[in-house]
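Colleague: Could you walk me through this model, step by step? I am new to reading structures.

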Amino acid sequence: LQATWDRLPVDEYMKDGGDYRLRRYDRFRYAPDTAILEILPNVTFLQDKNMNKFAGGVERKFEPLESGFAESSFLRALITFNFNQLPLSSKISHKPWEIKVHQIRIRATPEHKGMPAPEGLHKDGGKFFSLHLISKKNVIGAENPIYDNDKKLLETFVLEKPLDSLYVENAKVYHYATPIQVKSGNTEGTRDVLILGYWPPSD
């Protein structure tokens, strides 16, 4: 499945005009009691301007995940594992959730850095999100600072190995990722991640 990152289209909504981010996006309905993952219609992705000053307020339409990835046992197992780690009340832990899946590659060249978080310090939508490193090739950087709601730094770390992961409860913290740059030589560097957003059922 890693090869599907090699076929990601360029994100056409980069406010800075950059072509360093490649992306696909889809939505799923996840039933916790049965672990059934049902793909939902591919619609535009919209974030509030207050949440994302870089691309918020813009309806963005991305190409869907490749069917082989969207229907894979890996994706279903990862979502199930992640869901079981979340601190949920019994009121919502058995109801269907919406999972927003972002498949992203950030690339850097010897001349240009890649920006994993061009919007800077921010929060994401939904109740939780998880970020999973898939691959890093010939890059350095991509530190992950985590801040509290007073924007006081709590922790900084770097995801290094495949499936090193970050889990966030959006209401409690801000987060960011520093730029990547080529580690050595004249070869392009890449950082591939899978981001999952967890949207709770309405009351």
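Modeller: Gladly! Let's begin with a definition: buried means under 20% relative accessible area, exposed over 50%, and partly exposed in between, using a 1.4 Å probe and protein chains only. Helices (H or I, at least four residues) and strands (E, at least two) are DSSP runs, numbered from the N terminus. This is a predicted model, where local features need pLDDT of at least 70, side-chain atom pairs count only at pLDDT 80 or more, and totals for chains, interfaces and linings use all residues. Residues are numbered from 1 along each chain as its sequence is written, and side-chain values use heavy atoms, with hydrogens and water left out.

Colleague: How far apart are the end C-alpha atoms of H2?

Modeller: The expected span of a helix is 1.5 Å times one less than its number of residues. H2 has 13 residues, so it should span 18 Å. The model agrees with that, as the end C-alpha atoms of H2 are apart by 19 Å.

Colleague: Is Arg21 buried or exposed, and which residue forms a salt bridge with Arg21?

Modeller: A salt bridge is a side-chain nitrogen of Lys or Arg within 4 Å of a carboxyl oxygen of Asp or Glu. Arg21 has 6% relative accessibility, so Arg21 counts as buried. The closest N and O atoms of the pair are 3.0 Å apart, and the residue that joins Arg21 is Asp11.

Colleague: Where is Lys127, which forms a salt bridge with Glu169?

Modeller: The closest N and O atoms of Glu169 and Lys127 are 3.9 Å apart. At 29% relative accessibility, Lys127 counts as partly exposed. Glu169 is in strand S8, 42 residues from Lys127, which is in the loop between S3 and S4.
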